Amino acid sequence: MTKEETENGGEDMLIDGPETQDKELEAFPERIKLYYGWLFPHADMSKWMSYGNDGKHPACDQSYFGRREYSFTLENDIYMRFQSYKSASELEKAIKDHCPFKIDIGPVYSVDPAKRHAYSQSGDNIFTPVEKELVFDIDISDYDDVRYCCSGADVCLECWPLMTIAIKVIDTALRDDFGFVHILWVYSGRRGVHCWVCDTKARRLNNEQRSAIAEYFRVYKGNSNSKSKVSLVGPALHPFLVRSYNVLSDYFEKKLLCSQQLLSDERYENILDMISDESVASELRGKWQGNRRSNANDINIVRWEQLKQHCGRKKTSGLRRCLEEIVFSYTYPRIDMEVSKHMNHLLKSPFCVHPKTGRVCIPINPNLCDEFDPTNVPTLSKLLREINTGGLQAEGEKVWDRTSMGKSIRYFKESFLQPLLKSCKEEMEASYNAKNQQLKNSLGW
């Protein structure tokens, strides 16, 4: 399952203070009912979950949609797992009836998950996941040892670039190194991002194959007792890591170095500890102890340039690797590996609303992720105000067209869903024709 949202950190660093969160929670049950009635894109979400199997083509699997597992978290943490629905209208009705605080999406099983007990009692062990999107879950709380503006579930514009880096690095690798095309990035509603890889070949990966892909991305080892928190093997970086390093170092130097005050008097020892040559570390320490500037931003940049010069002067691969390790330790994506490795993990549905922040889990365009602002995401209260002040609805106009969520739904439909369904239908047609040709060939004998 996805990790439960937690609360901690300084109040002055919160995007939403405790009072705002309390008000959201108090009003949430009534507001979410209106949201599911007016704004949640039921039809488009069901189209996605159908993967083209809701049509009349003879190759459509009419049981496909009904074998998908959904999980609802209701008010007071009432948890409903292994929910399944035969049609889009049945799923929409269930969502509107239950008004879940959270919807999680699970795998497509070999049989209807709601009837799994009947199959287990028959003695046939046939209830098993057969399809699931390849997913990635990245939480900013996992970066608490390298961000100093926030902690826990709190996030602000100073530390959000860590999520932007994760999107850029992982999205590029999924497309360029693995050849995936249909990828959806989604804001989690509070503290991180989710990635859904929806290509047919991705959905049909077994657990071992998913683990292999997840391991491809494993660089951060997260051992707080070790000076090195990353594992960079070999004399030279793998081409994927070289490409990633270009992104990481750019954000490290232009964004995080100053915003997180990484080489301030209080913090530079953390970086000096990662330098393998003690003489270099000692020389830098002496220089920095006697050189304090009034402009804190300048001093972080100046000290980083000095560190690079000292490490470069020795011209040893070990010191070059130290520079790489520092950048990777502070910026490289920290993936929840277990979520990616196992087909039976559930992940929060896009377009859910986080009950503590009121924020909608909207898609993020990876090509524009630098522009994404978690503090400006549509909230439940804002959306309902926009509906109330939107005036009369024009003929053919969707309610969400008049709200700040319209842009997100259009992106989901036009840039993700339509190309995905086109691909699914082409694959379905090609597979159907190939089977027919095979049948003709066998009859010809």
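**Figure 1. Arg191 is a buried residue of the predicted model, with a relative accessible area of 4%.** In this predicted model, Arg191 forms a salt bridge with Asp139, and the closest N and O atoms lie 3.4 Å apart. The two partners come from distant parts of the chain, 52 residues apart. Arg191 belongs to the loop between strand 6 (183-187) and strand 7 (192-197), whereas Asp139 is located in strand 5 (residues 134-139). Asp139 is buried as well, at a relative accessible area of 5%. Both values fall under the 20% limit for a buried residue.

**Figure 2. An open sheet contains four strands in the order 5-7-6-9.** The pairing within this sheet is antiparallel. Strand 6 and strand 9 run antiparallel and are joined by two bridges. Val186 is found opposite Pro363, a residue of strand 9.

**Figure 3. A salt bridge connects Asp370 with Lys168.** The side chains of these residues meet at an N to O distance of 3.1 Å. Asp370 is partly exposed, with a relative accessible area of 48%. Lys168 also counts as partly exposed, at 23% relative accessibility. Elsewhere, salt bridges with shared partners join Glu131, Arg203 and Arg204 into one network.

**Figure 4. Lys102 and Asp104 form a salt bridge.** The closest N and O atoms of this pair are 2.9 Å apart. Lys102 has a relative accessibility of 15% and therefore counts as buried, the limit being under 20%. Asp104 is buried too, and its relative accessible area is 0%. Across the model, the count of salt bridges is 29.

**Figure 5. Arg68 is a buried residue in strand 1.** Strand 1 comprises residues 68-74, and the relative accessible area of Arg68 is 1%. The side chain of Arg68 makes a polar contact of 2.9 Å with the side chain of Glu133. With neighbours within four places in sequence set aside, the residues in contact with Arg68 include Met49, Tyr51, Gln83 and Ser84. Ile105, Gly106, Pro107, Val108 and Pro113 are also among the contacts of Arg68. Lys132 is a further contact of Arg68, as is Glu133.

**Figure 6. The chain as a whole has 15 helices and nine strands.** Of its 445 residues, 52% are buried. Among contacts between residues at least 6 apart in sequence, 68% join residues at least 24 apart. The chain exposes about 20800 Å², of which 49% is supplied by carbon and sulfur atoms.

Conventions
Residues are numbered from 1 along each chain as its sequence is written. This is a predicted model: local features need pLDDT of at least 70, side-chain atom pairs count only at pLDDT 80 or more; totals for chains, interfaces and linings use all residues. Side-chain values use heavy atoms; hydrogens and water are left out. A salt bridge is a side-chain nitrogen of Lys or Arg within 4 Å of a carboxyl oxygen of Asp or Glu. Buried means under 20% relative accessible area, exposed over 50%, partly exposed in between (1.4 Å probe, protein chains only). A polar contact is a pair of N or O atoms within 3.5 Å; within protein, one must be able to donate a hydrogen and the other to accept it, and residues adjacent in sequence count only if both atoms are side-chain atoms. Contact means heavy atoms within 4.5 Å. Accessible areas come from the Shrake-Rupley method with a 1.4 Å probe; for residues, only the protein chains shown count as cover. Two strands pair if DSSP finds at least two bridges between them.
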